[in-house]
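This report goes through one protein model, starting from a single residue and ending with the chain as a whole.

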Amino acid sequence: MNCSVCGNPFHGGRVVFRCNCGVLTHAQCWEKHIIESHTPPFTLGTITRDDVFRPKESVQGVG
Ligand SMILES: [Zn+2]
Ligand SMILES: [Zn+2]
C-alpha cells in the first residue's frame, strides 16, 4: 500500500495517518493531504469592538 499524497510505499513500524476519508498518508504528508483535499471554505474578515464578525466583501476561500 502506498501513501495517497506522495505515492511512496509505507515502511513497517513507521507512523501512518489514516484520514476520516479513508486514505493513508505518511506523517509528513498528512498536512498536504488536508490542504489539498479537505481545506474548508472560509471568509476573511475582522472583529469589531462588539465582537461582531464583519466579512470583507467578496473575499472567500475556495474549497
Ligand atoms: Zn507520503
Ligand atoms: Zn482525507
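This is a predicted model: local features need pLDDT of at least 70, side-chain atom pairs count only at pLDDT 80 or more; totals for chains, interfaces and linings use all residues.

Strand S4, residues 53-60, contains Lys56.

Is Lys56 buried or exposed? Lys56 is exposed, because 10 other C-beta atoms lie within 10 Å, and a residue with 12 or fewer counts as exposed. Leaving aside residues up to four places away in sequence, Lys56 touches Leu44 and Gly45. Lys32 lies 24 residues from Lys56 along the chain, and their C-alpha atoms are 27 Å apart.

## Secondary structure

The protein chain is made up of four strands and one helix. Read from the N terminus, the order of the elements is β-β-α-β-β.

The protein chain is more spread out than a compact globule, because its radius of gyration is 18 Å, whereas the globule rule gives 11 Å for 63 residues.

## Dimensions, burial and contacts

Along the principal axes, the C-alpha atoms of the protein chain fill a box of roughly 55 × 20 × 15 Å.

How much of the protein chain is made up of buried residues? Of the 63 residues, 10% are buried; the cut-off for buried is 20 or more other C-beta atoms within 10 Å. As for contacts between residues at least 6 apart in sequence, 12% of them join residues at least 24 apart.

Methods. Residues are numbered from 1 along each chain as its sequence is written. Chains are lettered from A and ligands numbered from 1 in the order in which they are written. Helices (H or I, at least four residues) and strands (E, at least two) are DSSP runs, numbered from the N terminus. The radius of gyration is taken over C-alpha atoms; the globule rule is 2.2 Å times the number of residues to the power 0.38. Two residues are in contact if their C-beta atoms, placed from the backbone, lie within 7 Å.
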